[in-house]
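The sequence and the structure come first.

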Amino acid sequence: MQKTILERVERVADDVVSLVLRGDEGPLEAWEPGAHIDLALPNWLTRQYSLCGDPGDLSAYRIAVRLDPLSRGGSEYIHWYLGPGRTLEVSSPRNHFPLVPAPDYLFLAGGIGITPIVPMLRAAVAAGAAASLVYVGRSASTMPFAAELGATYGERVSLFSQGRPDLASFADFTGEVYCCGPASMLAAAEAVFPRVHAERFQPTARVFGPDTAFEVVCARSGATIQVPADESLLDALNHAGRPVPSGCREGVCGSCELSVLDGEPEHRDDIGAPTGRMYACVSRALSPRLVLDV
């Protein structure tokens with residue numbers, strides 16, 4: 001974890017604040033567009049937020065937080081209680097939504113989904129790519145950074161504050177499509193384009209087989225832990241004194257990534273776990289035993 005000082009809190013839209021977190025001990029760790037960090041809050045909660053600042057400026061990170069009406073204590077605490085001067089710890093940046101090199105991009109953002117898209121658009125334009133943004137919100141006042149983006153990129157940016165655009169009108173687009181927003185927007189994009197790079201707020205509704213018990217061998221200590229059918233791997237490890245960092249507990253943030261040394265995991269995440277990795281909050285085992293690097 002890296003120590004930062006909350007330098008500035010700025011309201012950038014209805015129910016959305018921007019936080020500038022300055023490195024307390026020198027430059028912060030490098031990151032690329034699409035990355036997010038875990039923010040450890042003073043109320044013992046940890047939440048994940050996309051970095052929306054400038055990757056070239058490692059003196060500070062910038063994030064934006066929407067007040068969730070169904071807040072479980074994270075966004076609510078940030079909006080009501082956090083003020084400048086507070087020391088906050090953040091994780092190393094992780095990127096499950098990387099910007100691939102391409103000559104042409106179409107960025108689709110809905111509401112707070114604009115946050116990872118802001119540095120992507122900046123990087124694409126700086127690289128000389130043909131890039132455009134379609135940004136949708138419930139109203140103009142709910143769309144963070146809309147005025148800033150319009151002023152900076154002009155005709156590259158199309159703002160829709162009332163009603164959604166007909167994505168079918170972009171069906172002949174052959175470049176890279178990036179989308180971050182509500183599930184309905186992602187579904188609409190995936191219905192039009194053959195490939196969409198997507199980041200989701202919530203896991204996709206999918207059906208898996210029944211949960212079954214399995215055992216885990218912790219390679220570093222040799223300890224064997226039983227994972228009952230009614231308990232997650234994450235909880236089993238935590239209860240056995242092998243704590244694993246976690247955030248969303250829904251398979252969308254990647255905080256609880258573990259290395260699999262042997263056995264066959266059953267991947268239930270929405271990230272797309274790379275070979276030899278799994279996410280302990282939702283994923284289970286297809287083999288009777290897993291050997292993990294814990």
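## Cysteines

How far is the sulfur of Cys 218 from the closest cysteine sulfur, and in which residue does that sulfur lie? The closest one belongs to Cys 256 and is 15 Å away, too far for a bond. A disulfide here is a pair of cysteine sulfur atoms within 2.5 Å, and by this rule the count is zero. For Cys 180 the closest cysteine sulfur is in Cys 179, at 7.2 Å, which is also too far for a bond.

Cys 218 has 0% relative accessibility and counts as buried, where buried means under 20% relative accessible area, exposed over 50% and partly exposed in between, with a 1.4 Å probe and protein chains only. Cys 180, at 2%, is buried as well.

## Basis of the model

The model is predicted: local features need pLDDT of at least 70, side-chain atom pairs count only at pLDDT 80 or more, and totals for chains, interfaces and linings use all residues. Residues are numbered from 1 along each chain as its sequence is written, and side-chain values use heavy atoms, with hydrogens and water left out.

## Ser 18

Ser 18 sits in strand S2, residues 16–23 (strands, E, at least two residues, and helices, H or I, at least four, are DSSP runs numbered from the N terminus). Its relative accessibility is 2%, so Ser 18 counts as buried.

The side chains of Ser 18 and Arg 62 are joined by a polar contact of 3.0 Å. A polar contact is a pair of N or O atoms within 3.5 Å; within protein, one must be able to donate a hydrogen and the other to accept it, and residues adjacent in sequence count only if both atoms are side-chain atoms. Leaving aside residues up to four places away in sequence, Ser 18 touches Arg 8, Val 9, Glu 10, Val 12, Arg 62, Ile 63 and Ala 64 (contact means heavy atoms within 4.5 Å).

## Ser 91

Ser 91 belongs to the loop between strand S6 (87–90) and strand S7 (104–110). At 7% relative accessibility, Ser 91 is buried. Its side chain reaches the backbone nitrogen of Asp 38 at 2.8 Å.

Ser 91 and Gln 2 are 89 residues apart in sequence, yet their C-alpha atoms are 6.1 Å apart. Not counting residues up to four places away in sequence, Ser 91 touches Met 1, Gln 2, Ile 37 and Asp 38.
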